[in-house]
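Subject: Structure handover

Hello,

Here is the structure I promised to pass on. Please open it alongside this message.

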Amino acid sequence: MSDNNLSSRLYPTRIDIPAEARSQIVVILNKTLAATSDLKTQVKQAHWNVKGTDFYQLHELFDEIAGELEEYVDMFAERVTALGGYAMGTARMAAANSILPEYPTDILAGMEHVTALADRFAPYAKHLREAIDKTDELGDLDTADLYTEVSRTIDKRLWFLDAHLQAAEVTNTENGNGNGNGNGVSATTKTQQTVLAG
Ligand SMILES: [Fe+2]
């Protein structure tokens, strides 16, 4: 059976949400399950491999975040099964179905890991926000509420990651990024300049 069929598979259940809506909701939830599981392992990867002067605080922070994601993996998987669906929870399923890119293997320093994680938390947060609307439209306010709960914490974690990077980005902007002509300014710094200019 293909992954597509597995993702929308439904077992008989007495829950009152129509099967047509549930089959669409469990597909969304299985996509989230894969991304959450993938992100958790990537945060652990950062927890183990980070180096530099900020080692200890980042090592601890990454572990705290990974622990939250582990809880969300369970919550999303169990929402799939509560709706009569089939939870696609193996590492291979997560790797095949995740919306996130693979974690870079050539980074070392603390801020490189923070940047790599922020670059993954941002699309994950976007996915969660879209899922709030989609599951709400499909008439499942409980799943929308689950997404809202997770989304709020993920936005907070994205802030924690971004906060490590923002001072350097603002300083780069104030110094013209060191070259005075704006060449080589990152997309993030350009955004920062727009915000500051506004
Ligand atoms: Fe550890």
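Below is what I found in it, from the overall fold down to single residues.

Overall fold

One caution to begin with: this is a predicted model. The protein has 7 helices and 0 strands. From the N terminus on, the order of elements is therefore simple to write: α-α-α-α-α-α-α. Of the 198 residues, 29% count as buried.

Helix packing

Start with α2 and α3. Helix α3 covers residues 55–82. Its axis comes within 8 Å of the α2 axis, and the two cross at roughly 160°. That angle is over 145°, so α2 is roughly antiparallel to α3. The crossing is left-handed. By class, the contact of α2 with α3 holds 15 nonpolar, 6 polar and 5 charged residues.

Next, α2 and α5. Helix α2 spans residues 19–49, and helix α5 spans residues 110–137. Their axes come within 11 Å and cross at roughly 165°. That makes this pair roughly antiparallel as well. The crossing of α2 and α5 is left-handed. On the α2 side, the contact is made by Ile25, Ile28, Thr32, Ala35, Leu39, Gln42, Val43 and Ala46. On the α5 side, they meet His113, Leu117, Arg120, Tyr124, His127, Ala131, Lys134 and Thr135. The residues of this contact divide into 9 nonpolar, 5 polar and 2 charged.

Last, α5 and α6. The axes come within 8 Å and cross at roughly 160°. The two helices are therefore roughly antiparallel to each other. Here too, α5 passes α6 in a left-handed crossing. The contact of α5 with α6 has 19 nonpolar, 6 polar and 5 charged residues.

The core

Which residues touch the most other members of the largest nonpolar core? They are Leu29, Leu33, Val43, Phe62, Phe76, Val80 and Leu117, out of 37 residues in that core.

Leaving out residues up to four places away in sequence, Leu117 touches Val43, Ala46 and Leu161. Val43 and Ala46 are also among the α2 residues in the contact with α5.

Tyr72 sits in helix α3. Is Tyr72 buried or exposed? It has 22 other C-beta atoms within 10 Å, and the cut-off for burial is 20 or more, so Tyr72 is buried. Apart from neighbours within four places in sequence, Tyr72 is in contact with Thr36 and Val150. Leu33 is 39 residues away from Tyr72 along the chain, yet their C-alpha atoms are separated by 8.2 Å.

Ala96 lies in helix α4, residues 91–97. With 12 C-beta neighbours inside 10 Å, Ala96 counts as exposed, because the limit for that class is 12 or fewer. Asp3 is 93 residues apart from Ala96 along the chain, and the C-alpha atoms of the two are separated by 9.0 Å.

Over to you.

Best wishes

Methods
Residues are numbered from 1 along each chain as its sequence is written. This is a predicted model: local features need pLDDT of at least 70, side-chain atom pairs count only at pLDDT 80 or more; totals for chains, interfaces and linings use all residues. Axes are lines fitted to C-alpha atoms, for helices over the stretch in contact, and angles run from 0 to 180 degrees between N-to-C directions. Helices (H or I, at least four residues) and strands (E, at least two) are DSSP runs, numbered from the N terminus. Angles under 35 degrees count as roughly parallel, over 145 as roughly antiparallel, 65 to 115 as roughly perpendicular and the rest as oblique. A crossing is left-handed if the near helix is turned anticlockwise from the far one by less than a right angle, and right-handed if clockwise. Two residues are in contact if their C-beta atoms, placed from the backbone, lie within 7 Å. Ala, Val, Leu, Ile, Met, Phe, Trp, Tyr, Cys and Pro count as nonpolar, Asp, Glu, Lys and Arg as charged, and the others, Gly among them, as polar. A nonpolar core is a set of buried Ala, Val, Leu, Ile, Met, Phe, Trp, Tyr and Cys residues joined through C-beta atoms within 7 Å.
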